[in-house]
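Trainee: I am new to this structure. Can we go through the terms and the values together?

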Amino acid sequence: KLGNWVKLGDDVTLGDDVKLGNCVTLGDDVTLGDDVTLGDDVKLGNGVTWKTTPCQVMCHPYLVYPHSPTHIGVGCVIRPVKYWLTCVEPPELAEHPECLPWSNYRAAIHLVIEWLKEQQS
């Protein structure tokens, strides 16, 4: 299922049961595994492969990324996965109001967590 305004680059491979939300842009040579769901306005750069390229999600203004198998970074703040899962609204937000709404980061963190789980299996 492809939503409105989706742009697919050359040589893109989409696995079975992939759902892409509206305004998704996929760069050239992107490969996604089966059953991957991406939300609205997700952009993946050229050469991104879901199963082998570290999952990095740009949330304005900071990047969410796997720092290690057990830690996720949001900008320069690196915390254990458990911290991000149990933290309703991180205390760091008091110093970084530009990260609001936090729900955008929470969704990106969960995407990175899913990628980490897949790497461990």
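Mentor: Start with burial. Buried means under 20% relative accessible area, exposed means over 50%, and partly exposed lies in between, with a 1.4 Å probe and protein chains only. One caution: this is a predicted model, where local features need pLDDT of at least 70, side-chain atom pairs count only at pLDDT 80 or more, and totals for chains, interfaces and linings use all residues. Residues are numbered from 1 along each chain as its sequence is written, and side-chain values use heavy atoms, with hydrogens and water left out.

Trainee: Why is Tyr-62 called partly exposed?

Mentor: Its relative accessibility is 27%. That falls between 20% and 50%, so Tyr-62 counts as partly exposed.

Trainee: What overall pattern does the protein follow along the sequence?

Mentor: It reads β-β-β-β-β-β-β-β-β-β-β-α-α. That comes to 2 helices and 11 strands. Both are DSSP runs, numbered from the N terminus: helices are H or I with at least four residues, strands are E with at least two. Tyr-62 sits in strand β9, residues 62-66. Of the 121 residues, 36% count as buried.

Trainee: Which residues are in contact with Tyr-62?

Mentor: Contact means heavy atoms within 4.5 Å. Leaving aside neighbours within four places in sequence, Tyr-62 is in contact with Val-57, Val-74, Gly-75, His-96, Glu-98, Cys-99 and Tyr-105. Take Val-74: it is 12 residues from Tyr-62 in sequence, with 6.3 Å between their C-alpha atoms.

Trainee: What makes the link between the side chains of Tyr-62 and Glu-98 a polar contact?

Mentor: A polar contact is a pair of N or O atoms within 3.5 Å; within protein, one must be able to donate a hydrogen and the other to accept it, and residues adjacent in sequence count only if both atoms are side-chain atoms. The side chains of Tyr-62 and Glu-98 are joined at 2.8 Å. That value is within the cut-off, so the pair counts as a polar contact.

Trainee: Which pocket does Tyr-62 line?

Mentor: The second largest pocket. Its lining also includes Val-74, Trp-84, Glu-92, Leu-93 and Trp-102. The volume is about 150 Å³.

Trainee: How is a pocket defined, and how is its volume taken?

Mentor: The search uses a 1 Å grid over the protein atoms alone. A cavity is a set of points where a 1.4 Å probe fits but cannot get out; a pocket is an open set with protein on both sides within 12 Å along at least five of seven lines. Lining residues have an atom within 4 Å of a point. Points are joined across faces, edges and corners, and the volume is the space filled by probe spheres set on them.

Trainee: How do the lining residues divide?

Mentor: Into 9 nonpolar, 2 polar and 1 charged. Ala, Val, Leu, Ile, Met, Phe, Trp, Tyr, Cys and Pro count as nonpolar, Asp, Glu, Lys and Arg as charged, and the others, Gly among them, as polar.

Trainee: Why is Glu-92 called buried?

Mentor: Its relative accessibility is 16%. That is under 20%, so Glu-92 counts as buried. Glu-92 lies in the loop between α1 and α2. Beyond four places in sequence, it touches Val-77, Arg-79 and Tyr-83.

Trainee: Is Leu-93 buried or exposed?

Mentor: Buried, because its relative accessibility is 10%. Leu-93 is also found in the loop between α1 and α2. With neighbours within four places left aside, its contacts are Cys-99, Leu-100 and Trp-102. Pro-101 is in that loop too. A cis peptide bond joins Leu-100 and Pro-101, with omega about 5°.

Trainee: What makes a set of residues a nonpolar core?

Mentor: They are buried Ala, Val, Leu, Ile, Met, Phe, Trp, Tyr and Cys residues joined through side-chain atoms within 4.5 Å. Here the largest has 19 residues, and those with the most contacts inside it are Val-64, Ile-72, Trp-84, Tyr-105, Ile-109 and Val-112. Elements β8 (57-59), β10 (71-74), α1 (81-86) and α2 (102-120) each supply at least two residues. The largest share, 8 residues, comes from α2.
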